[in-house]
Amino acid sequence: MYSLPQQFDLISHLVRRDFRLYYTGSVLGVFWSVLLPLIQLLVFVFLFNRVVPLGIDDYPAFVLSALLPWTWLSNSVGSAGGLFTSNRDLLRRPNFAPATLIVVNTFSNLLTYLMSLPILLGVLVLHSRPLTLAALVFPLLLLIQSSLIIGLGLMIATLNVFYRDVQHLTGVALMLLFYLTPVFYRPQQVASHYSQIFALNPIAILIQGYREIFFYQRAPEWQSLLFAAVCSLLVSGLGYLVYYRQQPHVIDAL
């Protein structure tokens, strides 16, 4: 097996490779990482500020502060299903841990998120909402979300090797989860008897946490954030358990 420094170098190399390959051959190249969030933002602003107005002040800053971390999660989890099945040759290499692909996928999408942050910061400044000390919580949110994404990715990628329906079910689940997560609306706008859905949804808590530090310029609710962190650790542990038990059979199934 690779030593820890070698594993770190391998992951760093693969993250850079994936990021470059994703934009290779396109005219705009890496600028797509900036252009796509802008297009999504314009669509949401048109729909929910003009067509079906939600009455939210500074809506572009409101929605973008949640849309970027949601896109990171959606892209990472949505692509996890095919990571093992589309990298058979790499997985057959001696001493290569398949879980490395999940970590690489998570951090390459994180890199795209981080490259989009200047857009968010610009939109926040335009709406007179500059960064405050609450932004110091940002690395903690990234850590919790990374753990959650890696755990989900390990489960989905492993199970998809044996049951190819998993990848399709993941797409459906993400679509439903998008509407159960306050990306383009406020949780307070939901009927009170459905509010428990948000309290028990660690993804909704994390997305709201990003909005708290960027848009509302205050620290997230620590009790909810602790709950999200515990859920993320449990999901990460469960994902690794599924992966660990099935790892000897993954190569044969491929």
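I began with Leu36, which is partly exposed at a relative accessible area of 39%, where buried means under 20%, exposed over 50% and partly exposed in between, with a 1.4 Å probe and protein chains only. This is a predicted model, in which local features need pLDDT of at least 70 and side-chain atom pairs count only at pLDDT 80 or more, while totals for chains, interfaces and linings use all residues. Residues are numbered from 1 along each chain as its sequence is written, and side-chain values use heavy atoms, with hydrogens and water left out.

I placed Leu36 in helix H2 (residues 32-51), helices being DSSP runs of H or I with at least four residues and strands runs of E with at least two, numbered from the N terminus. I then found Leu36 in a nonpolar surface patch with Ile39, Val43, Phe46, Leu47, Val51 and Val52, together about 590 Å² of accessible area. Such a patch takes residues with over 30% relative accessible area and no salt bridge, joining nonpolar side chains (Val, Leu, Ile, Met, Phe, Trp, Tyr) within 5 Å and like charges within 9 Å; areas come from the Shrake-Rupley method with a 1.4 Å probe, and for residues only the protein chains shown count as cover.

For the whole protein I noted ten helices and zero strands. Its radius of gyration is 19 Å, close to the 18 Å of the globule rule for 254 residues, so the protein is as compact as a globular protein of that length; the radius is taken over C-alpha atoms, and the rule is 2.2 Å times the number of residues to the power 0.38.

Next I checked helix H6 (residues 138-162), whose 25 residues should span 36 Å at 1.5 Å a residue, in agreement with the 37 Å between its end C-alpha atoms; the expected span is 1.5 Å times one less than the number of residues. In H6, 19 of the 25 residues are buried, so the helix is largely enclosed by the rest of the structure.

I counted three salt bridges, each a side-chain nitrogen of Lys or Arg within 4 Å of a carboxyl oxygen of Asp or Glu. Arg129 pairs with Asp58, the closest N and O atoms being 2.9 Å apart. Arg129 lies in the loop between helix H5 (99-126) and H6, and Asp58 in the loop between H2 and helix H3 (59-80), so the pair ties together parts 71 residues apart in sequence. Arg129 is buried at 17% relative accessibility, whereas Asp58 is partly exposed at 26%. I also recorded Arg218 with Glu212 at 2.4 Å, N to O, and Asp89 with Arg92 at 4.0 Å.
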